[in-house]
Amino acid sequence: MRFTPVVAAGLAGLLSLPLQAAEVNVYSARQDKLIAPLLEQFEEQTGVKVNLITGKAEELLTRIKAEGAATPADLLITVDAGNLHRAKEAGVLQPIESNLLDQRIPERLVDPDKQWVGLTVRARPIFYAKDRVDPSKLSTYEALTDSEWKGRICIRSSSNIYNQSLAASMIEANGEAATEAWAEGMVANFARKPTGGDTDQLRAVAAGQCDLAVSNTYYFGRLIDSAKPEDRAVVDALAVFWPNQNDRGTHVNISGAGFVKHAKNPEQAVQLLEFMVSDEAQAYYAEINHEYPVVESATLSDTIKSLGTFKADELNLGVLGTNNSAAVKLMDRAGWQ
Amino acid sequence: MDTESLVIRDVSLTYEQVPVIQNLSLALKPQELGCLLGPSGCGKSTLLRAIAGFQPLNSGEIWLDDHLLASPSHATPPESRGVGMVFQDIALFPHLSVAENIAFGLGDWPLETRQARVDELLHLIGLSGMESRYPHELSGGQQQRIALARAMAPKPKLLLLDEPFSGLDTELRGRLASEVRTILKSDGICSLLVTHDQREAFDFADRIAVIHEGHICQFDTPYQLYHEPHSPFVAHFVGPGEMVDAVVEGPRSVSSPLGVLSNDQDLAFAPGTPVNLFLRPDDLIHDDDSTYQATLVGKHFRGAHHLYEVRLDNGVVLGCFAPSHHNHAIGERIGVKLDVEHLVVFPAR
Amino acid sequence: MAIKNSTPYSSRLGRYRPNGFLMTTVLAALCVALPICVVLGFLFVGESEAWSHLVETLLARYAWNSVLLSILVALGVIAIGVPAAWMISFYRFPGRDVLSWLLLLPLAYPAYILAYTYTGVLDYAGPVLTWMRSIDSPQWLMDPILNLKSLPGAALMLSLVLYPYVYLMARAAFLDQSANLMEAAYTLGQSRWAVFRRVVIPMARPAIAAGTLLALMETLADFGTVQFFGVQTFTTGIVRTYYGFGDTTGAAQLSSLLLGFVAILVVMERLSRHRVRYYSDRLRRLNQASQYVTGVRALLLQSLCLLPVLFGFLIPTALLVTWTAFYAELQSLWQLTLNSFALAGGSSLIIVTVALMVAYANRLHPSRWLSYLTVLVGLGYALPGVVIAIGVLIPFASFDHWLSAQLAFLGVPPTLWLSGSVFALVFAYLVRFLAVANGSIFSGLSRIRPSLDQSGRLLGLSQTGVLREIHVPLMRGSVLTAVLVCFVDILKELPATLMLRPFNFDTLAIKTYELAGEERLIDAAAPSLLIVLVGLLPVIWLNRSVSKE
């Protein structure tokens with residue numbers, strides 16, 4: 001019984017050895033532009049070659065499922081916890097064993113079974129038009145459904161995972177029925193049909209099409225760093241508001257990585273993950289994409305610092321995945337396109 | 001003076017910048033069936049298109065029932081002329097049934113009158129019961145009759161027929177021409193046919209205008225064109241025949257290689273004038289007893305009779321009809337004689 | 001060699017037949033049938049968990065949006081294509097020849113690229129609207145621009161790139177109409193407008209319908225545009241169900257519904273095409289009815305004809321060129337171009353080879369069942385890429401898992417022999433684009449007289465030899481056209497490529513889609529521009545062959 005797999009593995013090893021040096025295959029929902037420099041650095045340091053395929057997290061997950069035992073994937077990188085949870089549910093992940101990772105990443109940013117880990121944190125606050133909105137009127141995500149904001153909110157489509165995760169966190173806090181009512185209230189307050197990405201929502205506020213937008217912080221960070229005058233104008237017109245500071249905290253999500261069950265290069269995969277939480281890699285993330293590091297010792301970029309500090313929702317992020325399906329369906333029902 | 005329906009006065013036309021009709025005049029009486037006969041390229045189709053309104057006039061006027069249709073400064077649009085037209089390529093609307101094609105120009109008629117007119121025309125052209133067929137389901141002859149009915153339906157003041165039979169086979173062509181004549185006569189529509197085929201013209205028309213190089217050579221009944229052509233061109237164009245040298249002898253007689261012939265009326269030439277005598281094959285008869293002998297040089301069996309080609313002693317070759325059972329061999333000398341009442345005489349060339 | 005003269009040509013040669021040509025046809029038909037059968041098969045496996053959610057909340061929306069989009073696109077392509085064809089066919093004015101050609105150019109654009117480009121420039125915060133606000137333009141003027149990312153917007157984008165189908169067909173139909181027919185109508189007392197309404201349009205109607213139906217098939221197959229504009233149609237629904245809910249069964253069932261819509265279009269297209277054929281060959285062509293127009297009226301005609309070209313080609317191309325020149329990061333483009341060209345080139349060669357063999361099989365062994373198979377092969381073009389991808393992924397993945405299990409004892413590591421390789425992609429392209437190649441190859445082959453084949457055989461060539469030595473050289477133009485059209489179609493293809501591409505393999509279309517998805521519309525300009533420029537080649541080619549005829 002035990003003999004066959006060993007022989008098989010040996011044969012496979014023999015077959016593959018002369019063909020390829022050490023490598024690791026990454027399915028990434030992160031844009032290669034944002035991750036590639038980091039991977040190059042890793043290749044230089046370790047000599048391990050990184051193969052990257054990028055795509056939407058859902059597509060990559062479906063692919064890993066379809067590929068089954070034959071999958072070439074070692075790691076699945078996503079930009080949210082929900083998809084990592086889905087991957088876990090689908091049974092395509094396995095626990096990561098690394099003391100280094102255990103030490104460096106806070107527990108709430110890690111799957112309880114350690115099948116995935118967070119690599120960066122991203123927050124999803126409210127941005128408002130400085131000239132048209134009195135920030136003292138803002139309080140919570142829930143309060144966005146007040147009639148005060150009728151026709152004044154810009155937010156992207158419900159097919160986007162960031163909104164799905166936001167709704168999932170609210171299901172955890174307020175229950176499904178209340179969240180569905182909230183989604184309906186949001187739809188009623190939309191300034192326009194959901195369209196475009198987070199940056200588009202920020203631009204729309206600056207241009208006056210709406211007064212409030214819900215957006216991840218790093219989109220704002222990119223505008224801050226932009227050399228283009230029209231982007232600078234957007235930044236000047238907007239300010240950030242951290243909602244729910246008096247209760248559970250502002251909704252945060254992670255970008256993270258899952259360890260694929262049928263990984264062919266497990267050692268290299270863990271090696272890559274450990275590299276990603278090194279101080280320099282974390283600082284790089286913060287610097288290049290304005291995300292919050294998971295490692296507390298890592299330095300923040302000046303841009304991030306300028307947004308101020310906030311209290312984050314302490315929810316274990318696995319919950320975002322558990323509630324995802326319910327979140328999607330209730331937003332569908334609420335007519336959030 | 002008779003009233004006239006179509007009047008064409010001093011009309012000149014160009015086709016692609018080339019002058020094709022010069023100062024042509026022509027008039028048709030009401031209910032008359034006219035014909036423009038001429039070789040291809042003589043400008044007759046261009047004239048027809050000018051009457052229909054698809055061709056501007058360079059000079060002259062076209063009138064129909066005392067209404068000015070066209071002049072260099074005026075052109076009634078085709079749809080307001082009251083002129084119907086039957087086309088060479090038939091031009092039935094393939095997406096409409098027979099009845100819909102015929103009724104096409106009757107848009108503003110009341111439904112019942114329209115229906116009655118369609119039935120009447122279908123009956124007239126002998127195609128009753130075909131109303132729901134589509135053009136592609138009909139034979140060429142049937143299609144052409146439908147096209148005729150369609151053009152006649154709105155009761156135009158003038159019907160133009162542009163070589164309507166040329167797409168059909170020879171046998172059908174002659175038959176259809178007579179049929180169409182009968183139909184038009186019974187409806188009393190003034191019509192103008194364009195053709196290059198003299199048989200078609202004879203079958204169809206009351207009067208034929210032979211057109212050559214942009215003007216009318218002669219406008220006459222078929223009989224007169226055939227037997228009293230005004231020019232050698234007309235004589236040759238309306239049927240086969242040959243010129244024979246002759247000399248005028250008296251006021252009513254000429255001397256020819258086949259003897260002295262007398263005319264039924266006075267000749268326009270003084271005695272002693274050398275002339276050309278035009279002889280058609282039916283003027284020369286094969287007669288074994290004749291004193292005039294000729295050499296048989298060609299023969300065409302036509303069933304009921306032979307068309308012989310005979311060479312006279314002076315070298316002239318003439319056509320000659322002979323009864324079918326008079327079967328002579330080529331090279332034989334046979335007797336021929338002239339049987340002419342009216343002489344066709346032109347000045348000698 | 002006592003061969004009786006009465007023996008039919010085909011069976012005489014049939015004695016030596018290698019069955020390769022027939023086998024290829026059967027195989028090609030099976031290829032096309034595979035995704036259809038797989039997708040339809042899922043109708044019988046019962047409801048999935050997500051299905052009830054779909055039926056309750058989304059199905060009606062998908063169906064309604066798909067139908068509404070189709071109606072708007074149909075109106076759009078007719079409203080642009082028919083008047084353009086009318087002006088080009090019945091009037092002569094300065095620049096007419098150039099315009100008749102320019103009007104085809106939008107065909108080079110995939111609708112999604114047009115959508116990305118216009119979004120990039122017509123955004124609320126973009127230059128056009130910012131300028132309009134600065135001059136205090138009225139709201140009703142800005143609202144439609146603001147709402148570009150909507151169903152009517154998607155219909156507009158699709159109409160702008162798909163109207164050439166209608167324009168081409170209508171123009172051919174107008175040119176085919178005998179001038180005498182129009183003159184006959186005039187002599188029957190009809191005004192110019194009545195002639196247009198009662199003769200010209202009814203006669204061209206089957207051709208217009210055929211062009212419209214082609215445009216509608218493209219509309220139902222479109223994924224990139226509707227996805228980007230957030231219009232929920234069947235294609236986006238299928239992709240969302242497959243990826244978002246991870247529900248293969250639901251996706252396949254949605255695919256069968258979409259297939260139902262397509263089937264209706266296919267039947268309508270066949271009917272209308274049948275009538276087109278019968279209309280055009282009975283009449284003598286006489287295009288002398290054109291009217292000379294000069295002065296202000298000529299200027300009006302020129303402007304009207306230029307309008308669709310302007311919005312469907314010139315403006316977006318100018319934008320793409322500008323963006324490419326100023327912003328593009330060109331280094332990664334090389335690899336993408338190489339991938340795209342290798343994939344499109346290789347696939348189109350394979351597809352055209354298969355098309356040649358199918359056409360040749362029909363020539364050698366004309367029979368009823370073979371012509372049915374050929375019709376089946378032609379259906380692939382009507383299948384939306386999403387449906388093909390689903391229908392190919394499911395069986396291929398099963399096969400891979402089965403094969404891996406069988407080979408496990410040999411120590412062969414589990415491998416995705418079919419679904420993880422370029423093979424799946426080439427297979428999907430074959431299914432979708434074989435009909436495109438067939439069209440050109442069949443018409444090319446039909447122009448070669450059978451007596452040439454017979455002389456070739458008598459002079460000692462084999463069947464394959466006849467194909468190689470006589471047919472291919474004689475129909476070089478048709479073969480080239482087929483390769484070119486397939487090449488460009490593959491280059492533009494998005495949904496199937498998206499779902500089936502192997503590991504580490506991006507193409508220009510994929511990159512464009514991804515960049516646009518990340519709102520980096522300006523970075524998407526360079527790959528977009530490349531797709532459009534290559535897409536121009538067959539358009540130019542097409543126009544040459546049309547004007548030659």
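User: How many residues of domain 1 of chain C are in contact with domain 2 of chain C?
Analyst: This is a predicted model. The domain assignment of chain C gives domain 1 as 19-55 + 333-505 and domain 2 as 58-322. Their C-alpha centres lie 28 Å apart. On the domain 2 side 29 residues take part, and on the domain 1 side the number is 23.

User: Which helix supplies the largest share of the side of domain 1 of chain C that touches domain 2 of chain C?
Analyst: At least two residues each come from α2 (20-41), α3 (49-90) and α17 (385-407) of chain C. That side of domain 1 divides into 20 nonpolar, 2 polar and 1 charged. The largest share is 5 residues, and the element that supplies them is α17(C).

User: Which element gives the most to the side of chain C that touches chain B?
Analyst: The contact between these chains takes 18 residues from chain C and 18 residues from chain B. On the chain C side, two or more residues are given by each of α9 (179-187), α10 (192-221) and α13 (248-280). The residues of that side divide into 9 nonpolar, 6 polar and 3 charged. With 6 residues, the element that gives the most is α9(C).

User: In β8(B), what is the bridge partner of B:M85?
Analyst: B:M85 belongs to strand β7 (residues 83-86) of chain B, where B:V83 and B:M85 point one way, B:G84 and B:V86 point the other way, and all are buried. In a regular strand the side chains alternate between the two faces of the sheet. β7(B) pairs with strand β8 (residues 158-162) of chain B in the parallel sense over 4 bridges. Within β8(B), the bridge partner of B:M85 is B:L160.

User: Which are the edge strands of the open sheet of 5 strands in chain B?
Analyst: The strand order is β14-β13-β12-β15-β21 (chain B), and the pairing is antiparallel. From one strand to the next the twist averages 40°. Two strands pair on one side only, and these edge strands are β14 (259-262) and β21 (344-347) of chain B.

User: In β13(B), what is the bridge partner of B:V247?
Analyst: Strand β12 (residues 242-250) of chain B and strand β13 (residues 253-256) of chain B run antiparallel and are joined by 3 bridges. For B:V247, the bridge partner in β13(B) is B:S255.

Note on methods
Residues are numbered from 1 along each chain as its sequence is written. Chains are lettered from A and ligands numbered from 1 in the order in which they are written. This is a predicted model: local features need pLDDT of at least 70, side-chain atom pairs count only at pLDDT 80 or more; totals for chains, interfaces and linings use all residues. A residue is buried if 20 or more other C-beta atoms lie within 10 Å of its own, exposed if 12 or fewer, and partly exposed in between; C-beta atoms are placed from the backbone. Two strands pair if DSSP finds at least two bridges between them. Two residues are in contact if their C-beta atoms, placed from the backbone, lie within 7 Å. Ala, Val, Leu, Ile, Met, Phe, Trp, Tyr, Cys and Pro count as nonpolar, Asp, Glu, Lys and Arg as charged, and the others, Gly among them, as polar. Domain bounds come from an automatic or database domain assignment. Axes are lines fitted to C-alpha atoms, for helices over the stretch in contact, and angles run from 0 to 180 degrees between N-to-C directions.
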